[in-house]
Amino acid sequence: MCEPLQHVTVLLHEAVDALNIRPNGIYVDGTFGRGGHSRLILSKLGEEGRLVVFDKDPQAIAVANELASQDKRVSVVHNGFATFQTALDELGIEKIDGALFDLGISSPQIDEAERGFSFRFDAPLDMRMDPTRGMSAAEWIAAADEQELHEVIKNYGEERFSRQIARAIVSQRETAPIDTTRKLAQLVAQNVRTRERGQDPATRTFQAVRIFINRELEEVKEVLPQVTGRLKEGGRLAVIAFHSLEDRIVKQFVKQYSQPPQLPRWAAVKEADLPQPPLKAVGKALKPSEEETAANPRARSAVLRVAERTSGKFEVQPAV
């Protein structure tokens, strides 16, 4: 068994620098993890600054609460960041100066066998970021019909053999529950006919189930408009995504709200007279350096996108 990797914050300075910290501003770290980004944000804030941190994971919240006990500028929310707007209301915060989201799963969650995220260990098949709430992966696999299994594994894992895997799950659970990571990994391996070089055949299925169980894509879609509506003019949104599906959501959202609204073809309006869009993209998508990925292989798929709030009016538009 390989030694677990220590949690290393990805794109630490790049992401925090992208927020363009105002010393007395109010900032949100939507994915506290072990607090790497949060601590750097705090180092740039003055005494009147404020930081609100979110996380689902009880272990991350324990670390966040310890930090908050030492620093009165920190407020902790034990919930997913989709509760962004409600949480800010409860804290009496109307507008913020910036928000940072480091999406996906953290190294401690992967490396702790009992969490059930990894096929590297044999453990109960849980996969919940907050194991005190909601349905575990094992419970969902026991209850979902074949079509739902197929759609989740295909859509969230982009797995070519999703139908075969779904069929095998339904067949297997008639004789014995699929309640451990090893059982699921072995079943998937038996039904993935070709393997990608350097990748375990269970990778895509485990990824799909984890994303589905934790509503990861849905929460990203829900939080982006909430943040945009709360940003002050000049405030920044910075998002680090590790999965192409997450990054696509962020990219499309920023693109949609960085362009003037679509007007009917017959509308005779000069380009200069079009309403200002509520966001503007800041720079190009940024990826970790070769040095960072060499030191931390889990950083290799990370993509950072940044947008800044303008004075333009923000209204939620239909998804493009």
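Biologist: What does Gly36 touch, not counting residues up to four places away in sequence?
Modeller: Thr9 and Leu12. Touching, or contact, means heavy atoms within 4.5 Å.

Biologist: What sort of model is this, and how are residues numbered?
Modeller: This is a predicted model, where local features need pLDDT of at least 70, side-chain atom pairs count only at pLDDT 80 or more, and totals for chains, interfaces and linings use all residues. Residues are numbered from 1 along each chain as its sequence is written, and side-chain values use heavy atoms, with hydrogens and water left out.

Biologist: Back to Gly36. Where does it lie?
Modeller: Gly36 is in helix H2 (residues 36-44). Helices (H or I, at least four residues) and strands (E, at least two) are DSSP runs, numbered from the N terminus. Gly36 is partly exposed, at 23% relative accessible area. Buried means under 20%, exposed over 50%, and partly exposed in between, with a 1.4 Å probe and protein chains only.

Biologist: Which residues does the UniProt "binding site" annotation cover?
Modeller: The unreviewed UniProt entry gives Gly35, Gly36, His37, Asp55, Phe81, Asp102 and Gln109. UniProt positions use the numbering here, feature names are shortened, and annotations may be inferred rather than shown by experiment.

Biologist: Asp55, then: buried or exposed?
Modeller: Asp55 is buried, with a relative accessible area of 12%. Asp55 sits in strand S2 (residues 50-55), and its side chain reaches the backbone nitrogen of Gly33 at 2.8 Å. Beyond its neighbours within four places in sequence, the contacts of Asp55 include Thr31, Phe32, Val77 and His78.

Biologist: New topic. Which residues touch the most other members of the largest nonpolar core?
Modeller: Phe84, Ile96, Phe101, Ile169 and Leu224, out of 61 residues. A nonpolar core is a set of buried Ala, Val, Leu, Ile, Met, Phe, Trp, Tyr and Cys residues joined through side-chain atoms within 4.5 Å. Helix H12 (residues 244-257) supplies the largest share of this core, six residues.

Biologist: Why does that core lie between domain 1 and domain 2?
Modeller: Because domain 1 (12-107 + 216-309) and domain 2 (121-214) both give residues to the core. The domain bounds come from an automatic or database domain assignment.

Biologist: What is Leu224 in contact with, leaving aside its neighbours within four places in sequence?
Modeller: Leu237, Val239, Ile249, Val250 and Phe253. There is also a second, separate core of 25 residues, with Ala64, Leu67, Leu100 and Ile240 among them.

Terms used: A polar contact is a pair of N or O atoms within 3.5 Å; within protein, one must be able to donate a hydrogen and the other to accept it, and residues adjacent in sequence count only if both atoms are side-chain atoms.
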